[in-house]
Amino acid sequence: MRLNILINAWHSAVITDFGSARLLREAEGNQSKVAREAVHSSNQEGISDVDIQSSEIAIQTSASFFTLTGPGYSIRWAPPKALMGGPPSLATDIWALGWIGWEAITGRYPFDEIERNEKVTITIARGQMPQIYDNGELAQIGHLRDLMLKCWRSCSEKRPSARECMLELNTLPRAILGSKNEVATSKTRSAALLLQNEEVLQAAGKPKKALKLFDEVLATSRAVGDTTLEVAALNAQADIHLAMFKYSDAERCLIKVQEIYRSIKDGIREAATMKDLGDLHLAGFKYAEAEELYVRALNIYGREHNNAEETYNQALQLFRAIGNKIGEASALKGLGAVYMTRSEHLREEETYLSALEVLKGVGSRSTEASVLTALGSAYDRRSYLPKSEEAYKQALTLLNSIGHFSEETSVLTVLAGVYARRSNFPKSEEAFNQALRLLKVLGNLSEEANVLKRCGDMYLEWVNAKAEDRYHEALEAFRGVDDRSGEEMVLKALGAFYLKQLKSSGEEVPLGFLQSLRDWGNRRLEATVLVGLGDYHRYNSSPRAREAYLQALEAFQEVGDKFEELEVRDKLLDIGIIE
């Protein structure tokens, strides 16, 4: 049995038989592009070598008569236009891609219920495709089913391009369906699929729906005793809560993760979760709680890191012995992470560079991109910004070439931050805009909102008026995903922008902005802006300082902030308003 798509040791699909593949040049507008036309030449059980047939077929459907001449290809994977004598094209591959999805999920080749090739040819020509909406296996992955239908459009011009297919595939669940007989593991598999589907929902900007369905994943994982799946679901929930700035809910999830790691005696991951909890408390200004967690995590790291280093070194020797370059590079990357937690920066950098040296000529672009990103972060932490920039740019080139657009967006965002720190604001702007374009295509509104806000921060530092537009776009995006915490974060930034404009150019804070704060109901934020407004007028000896301070005083009294109330009273006292 010959197959031309196999799965390698690292669970990646590889092409093993190019058959009669040849270079094609197709005009698209005024540009030419070169692509490979790979003819599907599978010879599976039930399909004889007679399947490899002509690209010129004349059909009389009433008499079921056809003739076959010309270069070979497989009838069962061929689109109607090819069967009617049309030339091979890139759209031919897209049609076949739909059948690859069918085979991957159902385990069946095209039209396996039809024995005679003559009848298969007539069935395709008549457009009688499988009823995939009635297929129970495909129903579990609706996005793949929809993509298959697009690939099978009879009009080749209406089929998606290879890049469009890649973008859609990046949002599909990564869990693998098993055979129909695997009843014993069906619950776990269903939970895994659901977990992956919730990643899709989260990416599509539906965090509330994702959180609700993650509860189903948790219930299933606990019922079958799958702690790995339970931890994955809890961590995913924590990430969503953090993105929505719901720190107490994120803390609850992380505490459960910590308890699981403690119960299975996984010290390294328990310590990592403690550090995450410490970061959470630090963000909430709970310094004592954060310090306690950091100390506990460091104590565990002190006990466990030697073991972790030993384990990675053993794996390193094993992979070297069997000649597994990707495994060797992954073990080196793990060692680099150990050195990072110990603040052994030089060893961390050397280890990542060694991993990159191992990967030369291997061709694993995803692994190489991962190591380059880690190296860029290592340089970034040490403020070696030129080296950080170069590592991130190399990672971006690789990620773009393999269509890992979600990871590409993340690297673009951190690269934009590096450019901003180097005061190269035009480059930072370009990187942010590239990330935002990708997020638009991916439909990740929640992440788009965060990147828009960070882009606004960059413009604010640049003293660029575009900050206002970016903040307003971020505000609308956060409202689109019902994220009030995100809205508040942007409103604070807008307040800082308007006050900076006021000090630099004397441009007044828009009354509409103050009214929007009042309508939004955040009196504390409104009061903070009013204090800044009062400070400006006070500096310029304007009587308008009195009005701004009095309004701020009233707002702080409403929210019961005694400390800020006293601060405003002191300012009023200084200008002789109150005694």
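Helix α23 passes helix α25 in a left-handed crossing, a term used when the near helix is turned anticlockwise from the far one by less than a right angle, with right-handed used if clockwise. Helices here are DSSP runs of H or I with at least four residues, numbered from the N terminus. The model is a predicted one, in which local features need pLDDT of at least 70 and side-chain atom pairs count only at pLDDT 80 or more, while totals for chains, interfaces and linings use all residues. Residues are numbered from 1 along each chain as its sequence is written, and side-chain values use heavy atoms, with hydrogens and water left out.

Two packed helices are described by the angle between their axes and the distance between the axes. The axes of α23 and α25 come within 12 Å and cross at roughly 20°, where axes are lines fitted to C-alpha atoms over the stretch in contact and angles run from 0 to 180 degrees between N-to-C directions. The angle therefore makes α23 roughly parallel to α25; angles under 35 degrees count as roughly parallel, over 145 as roughly antiparallel, 65 to 115 as roughly perpendicular and the rest as oblique. On the α23 side the contact is made by V531, D535 and R538, and on the α25 side by V568, K571 and D574, contact being heavy atoms within 4.5 Å.

Helix α23 (residues 523-539) also holds R524, which is paired with D561 in the loop between α24 (544-559) and α25 (562-574). D561 and R524 form a salt bridge, their closest N and O atoms being 2.5 Å apart. A salt bridge is defined as a side-chain nitrogen of Lys or Arg within 4 Å of a carboxyl oxygen of Asp or Glu, and by this rule the count comes to 28 salt bridges. The D561 and R524 pair links distant parts of the chain, 37 residues apart. D561 is buried at 15% relative accessibility, whereas R524 is partly exposed at 39%. Buried means under 20% relative accessible area, exposed over 50%, and partly exposed in between, with a 1.4 Å probe and protein chains only.

A second salt bridge joins the side chains of R421 and D380 (2.2 Å, N to O). This pair also links distant parts of the chain, with R421 in helix α17 (residues 405-421) and D380 in helix α15 (residues 365-381), 41 residues apart. R421 is partly exposed at 44% relative accessibility, and D380 is buried at 17%.

The salt bridge between R252 and D249 has its closest N and O atoms 4.0 Å apart. Both residues lie in helix α10 (residues 247-263), three residues apart, about one turn of the helix. R252 has a relative accessible area of 38% and is partly exposed; D249, at 27%, is likewise partly exposed. Elsewhere, R342, E344 and R347 are linked in a network of salt bridges.

A disulfide is a covalent bond between the sulfur atoms of two cysteines. The structure holds zero disulfides, taking a disulfide as a pair of cysteine sulfur atoms within 2.5 Å. For C165, the nearest cysteine sulfur is that of C151, 4.2 Å away. C165 is buried, with a relative accessible area of 1%, and C455 is buried at 0%.

G334 is found in helix α13 (residues 325-341) and is buried, with a relative accessible area of 8%. G334 and A308 are 26 residues apart in sequence and 8.9 Å apart in space, C-alpha to C-alpha.

Note on methods
Helices (H or I, at least four residues) and strands (E, at least two) are DSSP runs, numbered from the N terminus.
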